[in-house]
Amino acid sequence: MHIQSVTHAVNVRLGDDGNSVVILDQTLLPRRTEYLTLTDAETMWEAIYSLRVRGAPAIGIFAAYSMAVLAKQIEVPDYEDFCKEYFRLSDYLNSSRPTAVNLSCMLRRMENIVRAHKDSSRAALLAALEAEAKAIHAEDMAMCLKISEYGLSLLKDGDGIITHCNAGPLATSRYGTAQGPFYLAKERGVDIHVFVDETRPLLQGARLTSYELTKAGVPCTLICDNMASLVMKQGKVQAVFFGCDRIARNGDVANKIGSSGLAVLAHYYGIPVYSLGPSTTIDFACPTGDDIPIEERKPEEIKELFYAEPMALPEVQCYNPAFDVTDHSLLAGIVTERGIARPPFDESFRKLFPKEMGE
(Lines give C-alpha, C1' and ligand atoms only; values in the text may rest on other atoms or scores of the structure.)
Protein backbone atom coordinates (compact mmCIF):
# COMPACT_ATOMS: atom_id res chain seq x y z
CA MET A 1 0.00 0.00 0.00
CA HIS A 2 1.38 3.43 -0.91
CA ILE A 3 2.04 5.68 2.05
CA GLN A 4 -0.43 8.31 0.87
CA SER A 5 -3.31 5.86 1.22
CA VAL A 6 -2.34 5.24 4.84
CA THR A 7 -1.53 8.70 6.10
CA HIS A 8 -4.54 10.14 4.33
CA ALA A 9 -6.96 7.40 5.35
CA VAL A 10 -10.44 8.73 6.02
CA ASN A 11 -11.56 7.34 9.37
CA VAL A 12 -14.34 9.88 10.03
CA ARG A 13 -16.36 11.91 7.54
CA LEU A 14 -19.73 13.49 7.01
CA GLY A 15 -22.02 11.35 4.86
CA ASP A 16 -22.53 12.44 1.27
CA ASP A 17 -26.09 13.45 2.04
CA GLY A 18 -25.07 15.44 5.12
CA ASN A 19 -27.50 13.41 7.22
CA SER A 20 -25.12 10.79 8.58
CA VAL A 21 -21.59 10.27 9.87
CA VAL A 22 -19.42 7.57 8.31
CA ILE A 23 -16.66 5.93 10.35
CA LEU A 24 -14.13 3.18 9.87
CA ASP A 25 -14.93 0.59 12.57
CA GLN A 26 -11.60 0.31 14.36
CA THR A 27 -12.74 -2.60 16.52
CA LEU A 28 -12.54 -4.86 13.46
CA LEU A 29 -9.01 -3.92 12.37
CA PRO A 30 -6.73 -5.37 11.18
CA ARG A 31 -8.81 -8.41 10.17
CA ARG A 32 -11.64 -6.57 8.44
CA THR A 33 -12.13 -3.09 7.00
CA GLU A 34 -15.73 -2.01 7.41
CA TYR A 35 -17.38 1.41 7.43
CA LEU A 36 -20.45 2.26 9.50
CA THR A 37 -23.07 4.86 8.62
CA LEU A 38 -24.52 6.39 11.78
CA THR A 39 -27.63 8.53 12.00
CA ASP A 40 -28.92 8.43 15.60
CA ALA A 41 -27.57 9.53 18.97
CA GLU A 42 -27.57 6.07 20.53
CA THR A 43 -25.35 4.47 17.88
CA MET A 44 -23.09 7.54 17.91
CA TRP A 45 -22.68 7.25 21.70
CA GLU A 46 -22.00 3.54 21.37
CA ALA A 47 -19.42 4.14 18.64
CA ILE A 48 -17.40 6.35 20.99
CA TYR A 49 -17.80 4.16 24.06
CA SER A 50 -17.01 0.93 22.22
CA LEU A 51 -13.97 2.49 20.52
CA ARG A 52 -15.33 2.06 17.01
CA VAL A 53 -14.07 5.60 16.66
CA ARG A 54 -11.17 6.37 19.00
CA GLY A 55 -8.27 8.73 19.54
CA ALA A 56 -8.93 12.08 21.18
CA PRO A 57 -8.79 14.22 17.99
CA ALA A 58 -10.87 11.73 15.98
CA ILE A 59 -13.47 11.60 18.74
CA GLY A 60 -13.71 15.39 18.67
CA ILE A 61 -14.16 15.44 14.90
CA PHE A 62 -16.74 12.69 15.09
CA ALA A 63 -18.68 14.47 17.85
CA ALA A 64 -18.81 17.68 15.80
CA TYR A 65 -20.14 15.90 12.73
CA SER A 66 -22.59 13.95 14.90
CA MET A 67 -24.09 17.10 16.38
CA ALA A 68 -24.39 18.68 12.94
CA VAL A 69 -26.37 15.62 11.86
CA LEU A 70 -28.48 15.35 15.01
CA ALA A 71 -29.38 19.04 14.87
CA LYS A 72 -31.14 18.43 11.57
CA GLN A 73 -33.41 15.94 13.31
CA ILE A 74 -34.64 18.50 15.85
CA GLU A 75 -37.81 19.77 14.22
CA VAL A 76 -39.23 22.38 16.57
CA PRO A 77 -40.09 25.95 15.55
CA ASP A 78 -39.03 27.61 18.80
CA TYR A 79 -35.32 28.41 19.30
CA GLU A 80 -35.45 27.75 23.06
CA ASP A 81 -37.00 24.33 22.50
CA PHE A 82 -34.35 23.61 19.87
CA CYS A 83 -31.60 24.55 22.34
CA LYS A 84 -33.05 22.38 25.07
CA GLU A 85 -32.99 19.29 22.87
CA TYR A 86 -29.65 20.15 21.25
CA PHE A 87 -27.87 20.57 24.58
CA ARG A 88 -29.45 17.38 25.90
CA LEU A 89 -28.02 15.44 22.97
CA SER A 90 -24.66 17.17 23.36
CA ASP A 91 -24.49 16.25 27.05
CA TYR A 92 -25.46 12.69 26.16
CA LEU A 93 -22.58 12.31 23.69
CA ASN A 94 -20.20 13.93 26.16
CA SER A 95 -21.01 11.22 28.71
CA SER A 96 -19.58 8.47 26.51
CA ARG A 97 -15.93 9.01 27.51
CA PRO A 98 -14.89 11.41 30.28
CA THR A 99 -11.10 11.58 29.91
CA ALA A 100 -10.47 12.77 26.34
CA VAL A 101 -10.82 16.55 26.48
CA ASN A 102 -11.32 16.91 22.72
CA LEU A 103 -14.79 15.44 23.04
CA SER A 104 -16.07 18.11 25.42
CA CYS A 105 -14.02 20.84 23.73
CA MET A 106 -15.48 20.26 20.27
CA LEU A 107 -18.99 19.82 21.64
CA ARG A 108 -18.62 23.24 23.31
CA ARG A 109 -17.50 24.74 20.02
CA MET A 110 -20.63 23.42 18.37
CA GLU A 111 -22.78 24.66 21.26
CA ASN A 112 -21.30 28.14 20.82
CA ILE A 113 -22.47 28.11 17.20
CA VAL A 114 -26.00 27.42 18.40
CA ARG A 115 -25.82 30.30 20.90
CA ALA A 116 -24.41 32.66 18.27
CA HIS A 117 -27.34 32.00 15.91
CA LYS A 118 -30.21 32.83 18.22
CA ASP A 119 -31.70 35.26 15.71
CA SER A 120 -30.89 33.24 12.59
CA SER A 121 -33.15 31.04 10.54
CA ARG A 122 -33.13 27.31 11.14
CA ALA A 123 -31.47 26.77 7.77
CA ALA A 124 -28.71 29.23 8.61
CA LEU A 125 -28.12 27.61 11.99
CA LEU A 126 -27.88 24.12 10.52
CA ALA A 127 -25.55 25.33 7.79
CA ALA A 128 -23.33 27.02 10.37
CA LEU A 129 -23.11 23.84 12.44
CA GLU A 130 -22.07 21.79 9.43
CA ALA A 131 -19.50 24.42 8.45
CA GLU A 132 -18.05 24.43 11.97
CA ALA A 133 -17.73 20.64 12.00
CA LYS A 134 -15.87 20.74 8.68
CA ALA A 135 -13.63 23.52 10.03
CA ILE A 136 -12.78 21.39 13.08
CA HIS A 137 -11.77 18.54 10.77
CA ALA A 138 -9.66 20.80 8.53
CA GLU A 139 -7.95 22.37 11.53
CA ASP A 140 -6.97 18.95 12.85
CA MET A 141 -5.41 17.99 9.52
CA ALA A 142 -3.28 21.13 9.58
CA MET A 143 -2.35 20.63 13.24
CA CYS A 144 -1.29 17.02 12.66
CA LEU A 145 1.12 18.03 9.91
CA LYS A 146 2.70 20.73 12.09
CA ILE A 147 2.99 18.37 15.06
CA SER A 148 4.61 15.77 12.81
CA GLU A 149 7.13 18.35 11.57
CA TYR A 150 8.10 19.36 15.09
CA GLY A 151 8.27 15.73 16.17
CA LEU A 152 10.52 14.79 13.27
CA SER A 153 12.95 17.54 14.32
CA LEU A 154 13.62 15.47 17.47
CA LEU A 155 14.75 12.41 15.48
CA LYS A 156 17.82 11.52 13.47
CA ASP A 157 19.05 8.68 11.27
CA GLY A 158 19.43 5.44 13.15
CA ASP A 159 17.11 6.31 16.04
CA GLY A 160 14.87 3.74 17.65
CA ILE A 161 11.62 5.00 19.10
CA ILE A 162 9.12 3.22 21.30
CA THR A 163 5.46 4.22 21.05
CA HIS A 164 2.39 3.23 23.03
CA CYS A 165 -1.24 2.83 21.94
CA ASN A 166 -2.22 4.44 18.63
CA ALA A 167 -1.93 8.09 17.70
CA GLY A 168 -1.64 7.79 13.95
CA PRO A 169 -4.06 8.59 11.12
CA LEU A 170 -6.74 6.31 12.56
CA ALA A 171 -6.81 8.27 15.82
CA THR A 172 -6.68 11.72 14.26
CA SER A 173 -6.61 12.84 10.65
CA ARG A 174 -3.92 12.76 7.98
CA TYR A 175 -0.53 11.92 9.54
CA GLY A 176 -1.56 11.65 13.17
CA THR A 177 0.21 13.05 16.21
CA ALA A 178 2.60 10.74 18.09
CA GLN A 179 3.06 8.51 15.05
CA GLY A 180 2.99 11.34 12.49
CA PRO A 181 6.76 11.92 12.60
CA PHE A 182 7.35 8.30 11.62
CA TYR A 183 5.45 8.74 8.35
CA LEU A 184 7.30 11.96 7.58
CA ALA A 185 10.58 10.17 8.30
CA LYS A 186 9.63 7.51 5.75
CA GLU A 187 8.71 10.11 3.14
CA ARG A 188 11.91 12.09 3.68
CA GLY A 189 14.35 9.22 3.87
CA VAL A 190 15.13 9.43 7.59
CA ASP A 191 16.12 5.95 8.78
CA ILE A 192 14.30 5.11 12.02
CA HIS A 193 12.91 1.99 13.67
CA VAL A 194 9.75 1.97 15.76
CA PHE A 195 9.08 -0.40 18.66
CA VAL A 196 5.34 -0.73 19.11
CA ASP A 197 3.90 -1.66 22.50
CA GLU A 198 0.98 -4.04 22.01
CA THR A 199 -0.94 -1.86 24.53
CA ARG A 200 -3.01 -4.15 26.72
CA PRO A 201 -5.87 -4.82 27.19
CA LEU A 202 -7.37 -3.46 23.95
CA LEU A 203 -4.24 -4.00 21.82
CA GLN A 204 -4.35 -0.69 19.95
CA GLY A 205 -0.63 -0.96 19.30
CA ALA A 206 -0.81 -4.49 17.96
CA ARG A 207 -4.03 -4.07 16.00
CA LEU A 208 -3.71 -0.48 14.78
CA THR A 209 -0.27 1.10 15.07
CA SER A 210 1.71 -1.87 13.75
CA TYR A 211 -0.90 -2.20 10.99
CA GLU A 212 -0.56 1.44 9.91
CA LEU A 213 3.24 1.47 10.11
CA THR A 214 3.64 -1.81 8.24
CA LYS A 215 1.29 -0.72 5.46
CA ALA A 216 3.23 2.53 5.17
CA GLY A 217 6.57 0.74 4.95
CA VAL A 218 7.89 2.18 8.23
CA PRO A 219 10.29 -0.33 9.88
CA CYS A 220 8.68 -1.48 13.13
CA THR A 221 8.79 -4.26 15.68
CA LEU A 222 5.81 -5.26 17.82
CA ILE A 223 6.60 -6.00 21.48
CA CYS A 224 4.57 -6.90 24.54
CA ASP A 225 4.19 -4.03 26.99
CA ASN A 226 6.41 -5.76 29.54
CA MET A 227 9.31 -5.99 27.07
CA ALA A 228 9.93 -2.24 26.96
CA SER A 229 12.50 -2.28 29.75
CA LEU A 230 14.65 -4.86 27.98
CA VAL A 231 14.79 -3.09 24.60
CA MET A 232 15.65 0.14 26.44
CA LYS A 233 18.44 -1.59 28.38
CA GLN A 234 19.79 -3.05 25.12
CA GLY A 235 20.23 0.46 23.73
CA LYS A 236 17.67 0.04 20.97
CA VAL A 237 15.55 3.02 22.01
CA GLN A 238 16.60 6.68 21.81
CA ALA A 239 13.19 8.29 22.43
CA VAL A 240 9.65 7.57 23.60
CA PHE A 241 6.76 9.13 21.68
CA PHE A 242 3.16 8.79 22.84
CA GLY A 243 -0.04 10.76 22.40
CA CYS A 244 -2.31 12.46 24.91
CA ASP A 245 -5.99 12.48 25.75
CA ARG A 246 -5.79 15.37 28.18
CA ILE A 247 -2.94 17.59 29.34
CA ALA A 248 -3.22 19.51 32.59
CA ARG A 249 -2.07 23.09 32.98
CA ASN A 250 1.11 21.98 34.77
CA GLY A 251 2.11 19.55 31.99
CA ASP A 252 0.83 16.29 33.49
CA VAL A 253 -0.40 14.08 30.63
CA ALA A 254 -3.25 11.59 30.64
CA ASN A 255 -2.79 8.94 27.98
CA LYS A 256 -3.57 5.28 27.40
CA ILE A 257 -2.92 3.08 30.43
CA GLY A 258 0.73 2.03 30.46
CA SER A 259 2.12 5.36 29.27
CA SER A 260 3.15 6.41 32.77
CA GLY A 261 5.01 3.16 33.39
CA LEU A 262 6.80 3.55 30.06
CA ALA A 263 7.88 7.05 31.06
CA VAL A 264 9.19 5.82 34.42
CA LEU A 265 11.29 3.16 32.65
CA ALA A 266 12.62 5.69 30.15
CA HIS A 267 13.55 8.06 32.99
CA TYR A 268 15.59 5.28 34.61
CA TYR A 269 17.49 4.62 31.37
CA GLY A 270 17.95 8.30 30.53
CA ILE A 271 15.73 8.22 27.45
CA PRO A 272 13.72 11.37 26.60
CA VAL A 273 9.93 11.08 26.64
CA TYR A 274 7.70 13.25 24.46
CA SER A 275 3.94 13.55 24.40
CA LEU A 276 2.58 14.74 21.06
CA GLY A 277 -0.87 16.21 20.54
CA PRO A 278 -2.83 19.25 19.39
CA SER A 279 -3.29 22.20 21.71
CA THR A 280 -6.97 21.24 21.96
CA THR A 281 -5.91 18.42 24.30
CA ILE A 282 -4.49 20.91 26.82
CA ASP A 283 -7.09 21.64 29.47
CA PHE A 284 -5.98 24.99 30.82
CA ALA A 285 -8.78 24.86 33.39
CA CYS A 286 -7.34 21.64 34.84
CA PRO A 287 -4.56 22.44 37.33
CA THR A 288 -2.83 19.03 37.58
CA GLY A 289 -3.16 15.43 36.56
CA ASP A 290 -4.87 14.69 39.86
CA ASP A 291 -7.85 16.67 38.53
CA ILE A 292 -8.25 14.56 35.38
CA PRO A 293 -11.11 12.02 35.57
CA ILE A 294 -9.94 8.51 34.73
CA GLU A 295 -12.37 6.28 32.86
CA GLU A 296 -12.76 2.77 34.25
CA ARG A 297 -13.96 0.13 31.83
CA LYS A 298 -15.55 -3.30 32.04
CA PRO A 299 -13.54 -6.24 33.45
CA GLU A 300 -14.43 -8.36 30.43
CA GLU A 301 -11.84 -6.43 28.41
CA ILE A 302 -9.14 -7.97 30.59
CA LYS A 303 -10.55 -11.47 31.06
CA GLU A 304 -12.33 -12.25 27.80
CA LEU A 305 -11.68 -9.86 24.91
CA PHE A 306 -9.54 -11.39 22.12
CA TYR A 307 -9.53 -14.79 23.84
CA ALA A 308 -11.34 -17.86 22.51
CA GLU A 309 -12.21 -18.68 26.12
CA PRO A 310 -12.04 -16.55 29.28
CA MET A 311 -8.54 -16.37 30.77
CA ALA A 312 -9.72 -15.87 34.36
CA LEU A 313 -12.52 -17.15 36.54
CA PRO A 314 -15.79 -15.20 36.34
CA GLU A 315 -15.57 -14.29 40.03
CA VAL A 316 -12.07 -12.79 39.74
CA GLN A 317 -12.18 -9.05 40.39
CA CYS A 318 -10.55 -6.72 37.88
CA TYR A 319 -9.41 -3.12 37.88
CA ASN A 320 -9.49 -1.72 34.35
CA PRO A 321 -8.62 2.00 34.14
CA ALA A 322 -8.38 3.16 30.53
CA PHE A 323 -5.77 5.85 31.19
CA ASP A 324 -2.98 6.82 33.53
CA VAL A 325 -1.28 10.16 34.13
CA THR A 326 2.39 10.75 33.37
CA ASP A 327 3.89 13.29 35.73
CA HIS A 328 5.30 16.35 33.98
CA SER A 329 8.67 15.73 35.66
CA LEU A 330 9.14 12.67 33.45
CA LEU A 331 8.63 14.53 30.16
CA ALA A 332 11.35 16.05 28.01
CA GLY A 333 8.74 17.91 26.00
CA ILE A 334 5.16 18.26 24.86
CA VAL A 335 4.93 18.62 21.08
CA THR A 336 2.06 20.77 19.78
CA GLU A 337 1.23 22.48 16.51
CA ARG A 338 2.60 25.73 17.98
CA GLY A 339 5.95 24.27 18.89
CA ILE A 340 7.66 22.11 21.50
CA ALA A 341 6.93 23.00 25.11
CA ARG A 342 9.79 22.05 27.40
CA PRO A 343 10.14 22.07 31.19
CA PRO A 344 9.25 24.07 33.15
CA PHE A 345 5.90 23.76 31.42
CA ASP A 346 4.23 26.68 33.17
CA GLU A 347 6.79 28.95 31.49
CA SER A 348 6.77 27.30 28.05
CA PHE A 349 2.96 27.17 28.00
CA ARG A 350 2.88 30.90 28.70
CA LYS A 351 5.11 31.51 25.68
CA LEU A 352 3.21 29.22 23.33
CA PHE A 353 -0.30 29.83 24.68
CA PRO A 354 -0.36 33.29 26.28
CA LYS A 355 -4.06 33.86 25.66
CA GLU A 356 -5.11 30.47 26.97
CA MET A 357 -2.91 30.87 30.04
CA GLY A 358 -4.52 34.22 30.81
CA GLU A 359 -1.43 36.29 30.07
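**Ground rules.** I number residues from 1 along each chain as its sequence is written. In this predicted model, local features need pLDDT of at least 70, side-chain atom pairs count only at pLDDT 80 or more, totals for chains, interfaces and linings use all residues, and side-chain values use heavy atoms, with hydrogens and water left out.

**Entry 1, H3 and H6.** I looked up how helix H3 (residues 56-71) packs on helix H6 (residues 122-152) and found an angle of about 165 degrees, with the axes 9 Å apart. Helices are DSSP runs (H or I, at least four residues) numbered from the N terminus. Axes are lines fitted to C-alpha atoms over the stretch in contact, and angles run from 0 to 180 degrees between N-to-C directions. H3 is therefore roughly antiparallel to H6 (over 145 degrees; under 35 is roughly parallel).

Helix H2 (residues 41-49) and helix H4 (residues 79-94) pack at about 25 degrees, with axes 9 Å apart, so I logged H2 as roughly parallel to H4. For contacts (heavy atoms within 4.5 Å), I listed Ala41, Glu42, Met44, Trp45 and Ile48 in H2 against Leu89, Tyr92 and Leu93 in H4.

I placed Glu111 in helix H5 (residues 101-116). Glu111 is buried, with a relative accessible area of 10% (buried means under 20%, with a 1.4 Å probe and protein chains only). Leaving aside neighbours within four places in sequence, I found Glu111 in contact with Tyr86, Phe87, Ser90 and Asp91.

Note on methods:
Helix = DSSP H or I, 4+ residues; strand = E, 2+ residues; numbered from the N terminus. Buried < 20%, exposed > 50% of the residue type's maximum accessible area, 1.4 Å probe, protein only. Parallel < 35°, antiparallel > 145°, perpendicular 65-115°, else oblique.
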